[in-house]
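Welcome! Here is a short tour of some side chains in this structure, with a look at rings, charges and sulfur atoms.

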Amino acid sequence: MARIEKQFAGRSLILETGKMARQADGSCTVQFGETMVLCTATAQDNPTNLPFFPLTVEYRERTYAAGKIPGGYIKREGRPSDKEILSARVVDRPLRPLFPDGFLHETQLFIYVISADQENDADVIGVMGASLALNLSRIPFRDPVAAVRIGRIQGQWVLNPTFQQLDYSDLDIVVAGTENAILMVEGGALEVPEEEIAEGLVVAHDGIRELIGIQRELLALVERPAEMAWAAKEVGLSFRERVVAAASGRIREALGIGEKQARNEAMSQMKSDVVAQFQEEAVEFGYDISGLLKDTEKAEMREMILSRGVRADGRGLDEVRPITVDLSLLPRAHGSALFTRGQTQSLGVATLGTPADEQRFESVDFLTEQTKSFMLHYNFPPFSTGEAKPVRGTSRREIGHGALAERALSAVLPAYEDFPYTIRIVSDVLESNGSSSMATVCSGSLAMMDAGVPLRAACAGVAMGLIKEGDRVAVLTDILGLEDALGDMDFKVAGTRDGVTSIQMDIKIEGLTLEIMREALERANRARLHILGEMEKAIVTPRAELSKYAPRILTIRINPAKIGEVIGPKGKTIRGIQEATGATINIDDDGTVTISSPGGEGGERARKMISAITEEPEVGRIYEGVVKSTTTFGAFVEIIPGTEGLCHISELQEARTDKTEDVVKKGDVIQVKLLSIDEKGRLRLSRKAALAELAGESAE
């Protein structure tokens, strides 16, 4: 066993190994504050025959971590939530590139959240725990990795801000890396300029180095096992040279074809011919021709860009593909937009709902059930890339891309108090050749503007790439799928004209300098402004009117003490209002009443009925009321539902009144003025004063 305790970002950080999960190849616990994760790493002894590294990351929250029992009928944890999937991706992305090339043993990382203090998010300590578990194991991974979350509150950078602090921060970004390089960036901001984002990354990397130093201290206390026996599949030099010679010329020709489908057909034909030529020898010696051809394609594409500045589709390094925008395509949808950029196309559709449509969810990070009034769902069907393959539910990639676009657009939404709608965006990717998540940002922004959502600003996104060989560097704007797969960086930046709202970066190499990152951010800004200009050709500001098919929502505030009166005994009153008007009514504990209806008329009727129930008497105002009873000393008049006052016999008319019934009778509707409310809440009314005031107004 080994244990180390340090202070980091003002809280206790405890790393421990040798106590739990000892049959895993490597295991540890990491505790930050009172949030704690158990991390394990395990690899199979024998390699697979898969053409890729089979790494699986499972991030699971145990509800006991927060002292809770799962809600609903099934009282055990089930499929991972979106939060768990997104956290697993945060762990996976910085670690995967650091495994050695050719290592094909199935590897699993498990991160269990076993204590949650509702202050500190477990995702960043999960990255460090997974790194530590790998470094404690026999698995070939010897480069510690750590992650931090950065926030900025009143101009001050904060490492690993608490959930409460993030409410006051203008950005929330997770950064992961090694001692020498940043490997991953993921987060959002409230229109923060690119230069300030770069400053935050410097602060984050300093924190990462500190955490890696703490890892190394623990690793020095334990005896680590020898690295497991493994070997990459080697290809004979002569065979490699002959395959490259047969393929490289045809690969260069195929890469020069600008249209994706034609390029893919040429590449596919080349692969078929080369495989047929060398198949017999490859089978005899166990050589991987497909992997060799992929390496050759990668080398040719990179050299074409670095030496000639030419990309696969013929564009310059800074050039954005042609953009077209079509609005209001779907007659019954509340808002729709088809955004096409080159061979990437997203159909964005906005639907406006009521508070009853909000998403409800549970999390160990919060003690109570949470709600979301803005959702973005991203779908990536196989036909979008010209493929036919099984569809088995929403993929982790779809959830991750949807979350990236949702974060980008949530920063420009109107305040809920000003626009109390539940908003759902669906992005159906219809074509894909690079950066469909950024196309989703554009189509989602356009669809909401088409629906009449009063966005603070239009939002767009672009994906940047990188090719780096030694000192030769090329930064690519608006990358293709091929450039993403065979390049060194996928850097997505979304935002408005004023700043960044969402950012995601994955680096496949070390040695990315801050200068290169600043250049990528600056070029992304130029490209984003160009895309926003193209979007503005279709629509500049949100439509003034909502779709006629969208619900109309009114919001009023009532005295919380009156909530019971609106609801009525066993809900009788509120049900009656809803049945009479066709409106749907939701009442919050603070007295906020939200009224939604298919048309505006029913909602307005419901508002008047609720206002009549909850109205507070106003001294000096003239009311039209019903005489509820008469006495020898006057009449009791109901001026608003449930509220009565006394109109004394002397206040019934100017002349002397001998008997109340000579002037008013029970059931009469009369006009009275509220003269005063005494300390016991009793109302003093005057018919005489009301008539005099009304007569004076008539004379004028």
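Predicted model: local features only at pLDDT ≥ 70, side-chain atom pairs only at ≥ 80, totals over all residues.

The aromatic pairs come to 12 in count, while the count of disulfides is 0.

**Aromatic pairs**
- Phe 110 and Tyr 112 form an edge-to-face pair, because their planes stand at 70 degrees, with the ring centres 5.9 Å apart.
- Phe 110 is partly exposed, with 25% relative accessibility, and Tyr 112 is partly exposed with a relative accessible area of 25%.
- Tyr 378 and Phe 380 make a stacked pair, with 10 degrees between the planes and 6.3 Å from centre to centre.
- Tyr 378 counts as buried, at 3% relative accessibility.

**Charges over rings**
- Tyr 112 also has a charged neighbour: the charged end of Arg 62 sits over its ring, 4.5 Å from the centre.
- Arg 152 lies over the face of Trp 157, and the distance to the ring centre is 5.3 Å.

**Cysteines**
- A disulfide is a covalent bond that joins the sulfur atoms of two cysteines.
- Why is Cys 28 too far from Cys 39 for a bond? The closest cysteine sulfur to that of Cys 28 is in Cys 39, 4.9 Å away, and a disulfide needs the two sulfur atoms within 2.5 Å.
- Cys 28 is buried, with a relative accessible area of 2%.
- Cys 459 is in no disulfide either, and its nearest cysteine sulfur, in Cys 442, is 7.8 Å away.
- Cys 459 counts as buried, at 0% relative accessibility.

Methods
Residues numbered from 1 in each chain as written. Heavy atoms only, no water. Phe/Tyr/Trp six-rings, centres within 6.5 Å; stacked < 30°, edge-to-face > 60°. Buried < 20%, exposed > 50% of the residue type's maximum accessible area, 1.4 Å probe, protein only. Lys NZ or Arg CZ within 6 Å of the ring centre and 35° of its normal.
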